[in-house]
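Hi,

Here is the structure I said I would pass on.

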Amino acid sequence: AAIEHLRDCQAPGRRNPDLIITDINIPGYNGLQIIRALQSNVKFQAIPIVVITATLDDEMAQSCLDAGADNVYNKLELSADLKSWCSELIQTKSPAA
């Protein structure tokens, strides 16, 4: 459903999401491919991408960052401060008014 929503965002007059949160293991999708696809589209390049996954080792984290993710978190170690962190990231990456 999220992929279809992003496709709909490309329609004239549609607003992009402020933040994209994804996993690596998504039924029917590969999270790294999604990140690369988002980064290859100029309309989505400024949107912060956060990966939250249980499948995480140093190599996978680096692959996510190399693909264009802004941050990578292990679901098992995720901080209780996610909401405030996401708000800060959105403000940091938002275009100046």
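**What I found**

Reading along the sequence, you get the pattern α-β-β-β-α-β-α-β-α for the protein chain. In total that chain has 4 helices and 5 strands. Do keep in mind that this is a predicted model.

On confidence: the mean pLDDT of the protein chain is 82, and 82% of its residues reach 70 or more. Where pLDDT is low, the predicted coordinates should not be read in detail.

A few overall figures for the chain next. It has 97 residues, and 33% of them count as buried. If you take the contacts between residues at least 6 apart in sequence, 55% of them join residues at least 24 apart.

Helix α2 (residues 31-39) packs with α3 at an angle of about 20°, and their axes are 9 Å apart. That angle is under the 35 degrees cut-off, so α2 counts as roughly parallel to α3. The crossing of α2 past α3 is right-handed. Which residues meet between the two helices? From α2 they are L32, I35, R36 and Q39, and from α3 they are M60, S63, C64 and A67.

I also looked at two single residues.

N74 is found in strand β5, which covers residues 71-74. Is N74 buried or exposed? Its relative accessible area is 15%, so N74 is buried, the limit for that being under 20%. Leaving out residues up to four places away in sequence, N74 touches T53, A54 and L56.

T92 lies in helix α4, residues 82-93. Here the relative accessibility is 59%, so T92 counts as exposed, since exposed means over 50%. How far apart are T92 and P48 in space? Their C-alpha atoms are 9.1 Å apart, although 44 residues separate T92 and P48 in sequence.

That is what I have for now. Send me your thoughts once you have had a look.

Cheers

Conventions. Residues are numbered from 1 along each chain as its sequence is written. This is a predicted model: local features need pLDDT of at least 70, side-chain atom pairs count only at pLDDT 80 or more; totals for chains, interfaces and linings use all residues. Side-chain values use heavy atoms; hydrogens and water are left out. Buried means under 20% relative accessible area, exposed over 50%, partly exposed in between (1.4 Å probe, protein chains only). Contact means heavy atoms within 4.5 Å. pLDDT is the predictor's confidence in each residue, from 0 to 100. Axes are lines fitted to C-alpha atoms, for helices over the stretch in contact, and angles run from 0 to 180 degrees between N-to-C directions. Angles under 35 degrees count as roughly parallel, over 145 as roughly antiparallel, 65 to 115 as roughly perpendicular and the rest as oblique. A crossing is left-handed if the near helix is turned anticlockwise from the far one by less than a right angle, and right-handed if clockwise.
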